[in-house]
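Open the model in your viewer and keep the selection tool at hand. The stops below say what to select and what is found there.

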Amino acid sequence: MNYFISDLHLGHKNVLKFDNRPFINIEEHDKTIIDNWNSKVNDNDDVYVLGDISWHNATKTIEIFKQLKGRIHLIQGNHDNRILKNKELYNLFVEVVDYKELKIDNEISVVLCHYPMPCFKNHYYDWVHLYGHVHNSFEENMIQHFRYEMGALYDKPCHMYNVGAMMKYMDYTPRTLEEIIRREQNK
C-alpha cells in the first residue's frame, strides 16, 4: 500500500499556532503523528513524505523515524536540507529526492513534490499532483482558486491535493491516494 503525507514539522512549536494545530504542546503533536502513522501503516507499506519533516535535532529525529512503520521515501521540503546532512538520518529513507513521478496500480500517475505546481506534468491527462508547503494559508487558497478556474473556465479538471498533515482530511495521518481524493472532496 502507498501512503502520503507532508509537513510533519515534528518538534516545531511555532507551527502549532501558525496552523492552529489542536495540540496542547509539541510533545502531544509529535506523539499523535507517531501513533496515527503506526496505527495505519504496516512494515511493508511505502510512505511518501513530501517534505518538512522535523525541527528537532538529528538525534531526536532519528529516534522518531526509527519508531515509524513502513518504507519511508522523502520528497525534500524547504526545511529539510540542514537536518539531512546527518548521514544516519539520510540513510533511514528509501530515497531522498526533490521530485518523483509514481505509477499506482499501473493505472494512476502521480507527481510528488513538496511545492504545488499548477501546471504539473500531464495535468490535462488526469495525472494527479500531491504537494505540501503552503499549509492551510492564503497560498493554498490561491491553488484552490486555480483548480476551480481550470475546471470552470477551461473544462480541464486539475487533480491537485495538499497532503499537509494539518489539512482536515489528512488529520495528522498518512493517507492512500483514494482516501485523499475522497476525503478532500467531502471536506
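How many aromatic pairs does the count come to by the ring rule? The count comes to three, where rings of Phe, Tyr and Trp (its six-membered ring) pair if their centres lie within 6.5 Å, and planes under 30 degrees apart count as stacked, over 60 as edge-to-face and the rest as tilted.

Select Phe23 and Tyr172. Their rings form an edge-to-face pair, 4.9 Å centre to centre with 80 degrees between the planes. This pair links distant parts of the chain, 149 residues apart: Phe23 is in the loop between α1 (13-18) and α2 (26-40), and Tyr172 is in the loop between β8 (160-162) and α6 (177-185). Helices (H or I, at least four residues) and strands (E, at least two) are DSSP runs, numbered from the N terminus. Phe23 and Tyr172 are both buried; buried means under 20% relative accessible area, exposed over 50%, and partly exposed in between (1.4 Å probe, protein chains only).

Next, select Phe65 and Phe93. Their ring centres are 5.4 Å apart and the planes stand at 65 degrees, so this pair is edge-to-face. Phe65 belongs to helix α3 (residues 58-65) and Phe93 to the loop between α4 (87-90) and β4 (95-97), so the pair ties together parts that are 28 residues apart in sequence. Both Phe65 and Phe93 are buried.

A note on the model before going on. It is a predicted model, in which local features need pLDDT of at least 70 and side-chain atom pairs count only at pLDDT 80 or more, while totals for chains, interfaces and linings use all residues. Residues are numbered from 1 along each chain as its sequence is written, and side-chain values use heavy atoms, with hydrogens and water left out.

**Charges over rings**

Show Lys87 with Tyr90, then Lys156 with Tyr124. The charged end of Lys87 sits over the ring of Tyr90, 5.7 Å from its centre. Lys156 lies over the face of Tyr124, at 5.2 Å from the ring centre. The rule asks for NZ of Lys or CZ of Arg within 6 Å of the ring centre and within 35 degrees of the ring normal.

Now centre on Leu112. Not counting residues up to four places away in sequence, Leu112 touches residues including Phe4, Tyr48, Ile75, Tyr99 and Leu130; contact means heavy atoms within 4.5 Å.

Move to Asp7, in the loop between β1 (2-5) and α1. Asp7 is buried yet has no salt bridge, and the nearest side chain of opposite charge, Arg21, is 6.0 Å away. For charge, Lys and Arg count as positive and Asp and Glu as negative, with His and the chain ends not counted. A salt bridge is a side-chain nitrogen of Lys or Arg within 4 Å of a carboxyl oxygen of Asp or Glu. Leaving aside residues up to four places away in sequence, Asp7 touches, among others, Arg21, His114, His133 and His135.

Asp46 is the next selection, in strand β2 (residues 46-49). Asp46 is buried, with a relative accessible area of 14%. Beyond residues up to four places away in sequence, Asp46 touches Met1, Asn2, Tyr3, Arg71 and His73.

**Salt bridges**

How many salt bridges does the count come to? The count is 10.

- Select Arg21 and Asp19: their closest N and O atoms are 2.9 Å apart. Arg21 is buried at 4% relative accessibility, and Asp19 is buried at 12%.
- Select Lys31 and Asp35: their closest N and O atoms are 2.5 Å apart. Both lie in helix α2, four residues apart, about one turn of the helix. Lys31 is exposed, with a relative accessible area of 52%, and Asp35 is partly exposed, with 37%.
- Select Glu88 and Lys66: their closest N and O atoms are 3.3 Å apart. Glu88 lies in helix α4 and Lys66 in the loop between α3 and β3 (71-75), so the pair ties together parts that are 22 residues apart in sequence.
- Finish with Lys40, Arg175 and Glu179, which are linked in a network of salt bridges.
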